[in-house]
Amino acid sequence: MERPIPLGAPTGMTEVRSVRGIPAAPTGTLTFLMTSGAVLASIAALLVFDLWLARIDARESRLQASHLFEDGRTLLARGRTTQAVDRFASAQALERHNVRYGVALAEALLANGRANEAEAQLRGVLGRAETDGPANLVMARVLAREGMPDEAKAFYHRAIYGNWSADSSGQRLHARLELIDLLVRRDAKQELLAELLPLQETDTGSVELRRRLGHLFILAGSPGRALPLFRALLRRDSDDGDAYAGMGEAALLMGNFRTARADLTLATRLLPDSGRYAAVIQVADTALALDPTARGISRSTRYARSRAILQLTIDAACEQSAAIRQLSDSARLLMTAPPDTSRSESTEEADRLLDLGSALWAKVESRCGIGNSPVARAVALIQEKLS
């Protein structure tokens, strides 16, 4: 017969009393929880340690990449392009998504004569940073080197309006000036003028930039915009020979041949290279001698000069089209009649000669080479003035 267990006697299981009525967990459960917590704490500590090591490794990689990048810049500046390519490639391998390193590698590849590789490198960079100013600028240089000026112009514009990390206004100006140089080489006057106009009101405080813009406006066929720039230079320094030369060239293109000659002559006295503008002065002298619209000349002189201009225009004409041949025949027919006193005194007759010469010139200029002699250049200037 089993004996009853007395109340309060041990039963073989340890019982933990509850505290304030809350049932206590068995000792085995507490041990499990404590062990699990210790394991989780160890895992967390290892994870934190691993992250700490990863951060240290990343920092070391960034520092190493930065040193490689700086070495590459030094080597590139010294013209050691092959070594520079190696340094930039190593830097990019350590930080593959660093745009600056990718652009530097492309720039070094271009300097090393590997334009195709530079283009491929930049395509990848621009795929991640489409509006990056430096990347677009180097791509423009690559395409210009590869003989694709139209494509290069598009990337120059992206560089001008792209994102720059520092000195954005200066970098955008530099990119626009590079584009301007490309347009000058291609003799793209209308596009050149379009790029110069935004710079006309730029207050850079740079005398040399103002001087450069003045000469560029002349190349763009807009001498009227060049004159204020050169006048400002002369107000700053009345002995600025280059400014006088710019004034003279602008006046020549505007048909003010006498003013042009005076300014150019003064420029030769002030500039160390006194013979630099001798040929331009000769053009101005020739234009002065041929100009039928010059003030103070007689009717007979105007008529004689009109005949001379028409004859020189006929001589410049090459018969490449029916229109040129027809106008040339009409001009020759008109020139066969010898001048006489009554005709030479006629303003209408002189105007008729000039009108026919202008019509022929409009065809000649677009289809034929007019030469580069002082006479040919003077005729071109006079015809532009007449038009």
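Okay, Ala 267: with 0% relative accessibility, this residue counts as buried, where buried means under 20% relative accessible area, exposed means over 50%, and partly exposed is in between, using a 1.4 Å probe and protein chains only. This is a predicted model, where local features need pLDDT of at least 70, side-chain atom pairs count only at pLDDT 80 or more, and totals for chains, interfaces and linings use all residues. Residues are numbered from 1 along each chain as its sequence is written, and side-chain values use heavy atoms, with hydrogens and water left out.

Back to Ala 267. You'll find Ala 267 in helix H12, residues 257-270; helices here are DSSP runs of H or I with at least four residues, strands are E runs of at least two, and numbering goes from the N terminus. Leaving out residues up to four places away in sequence, Ala 267 touches Gly 241, Tyr 244 and Ala 245, with contact meaning heavy atoms within 4.5 Å. Take Ala 245: its C-alpha sits 5.2 Å from that of Ala 267, though the two are 22 residues apart in sequence.

Next up, Phe 230, over in helix H10, residues 223-236. Phe 230 is buried too, with a relative accessible area of 0%. Its contacts, again not counting residues up to four places away, are Arg 211, Gly 214, His 215, Ile 218, Asp 242, Ala 243, Gly 246 and Met 247. From Phe 230 to Ala 243 is 13 residues in sequence and 5.1 Å in space, C-alpha to C-alpha.

Now the whole chain. How many helices and strands does the protein chain have? We get 18 helices and 0 strands. Of its 387 residues, 38% count as buried. If you take the contacts with a separation of 6 or more, 53% come from residues 24 or more positions apart.

On to the cores, and a nonpolar core is a set of buried Ala, Val, Leu, Ile, Met, Phe, Trp, Tyr and Cys residues joined through side-chain atoms within 4.5 Å. The largest one has 82 residues, and Leu 196 and Leu 252 have the most contacts inside it. Helix H3, residues 99-111, gives the most to this core, with 9 residues. Setting aside neighbours within four places in sequence, Leu 196 is in contact with Ile 180, Leu 213, Leu 216, Phe 217 and Ala 220. Apart from that core lies another of 15 residues, including Leu 310 and Val 364.

Helix H5 (residues 133-145) and helix H6 (residues 149-160) have axes 8 Å apart, at an angle of about 165 degrees. Axes are lines fitted to C-alpha atoms, for helices over the stretch in contact, and angles run from 0 to 180 degrees between N-to-C directions. So H5 is roughly antiparallel to H6; the classes are roughly parallel under 35 degrees, roughly antiparallel over 145, roughly perpendicular from 65 to 115, and oblique for the rest. Among the residues making the contact are Leu 137 and Ala 140 of H5, and Phe 155 and Tyr 156 of H6.

And then H14 (residues 299-316) with H18 (residues 374-386): those axes come within 11 Å and cross at roughly 115 degrees. That makes H14 roughly perpendicular to H18. Here the contact is made by Ile 309, Leu 312 and Thr 313 of H14 with Val 375, Val 379, Ile 382 and Gln 383 of H18.
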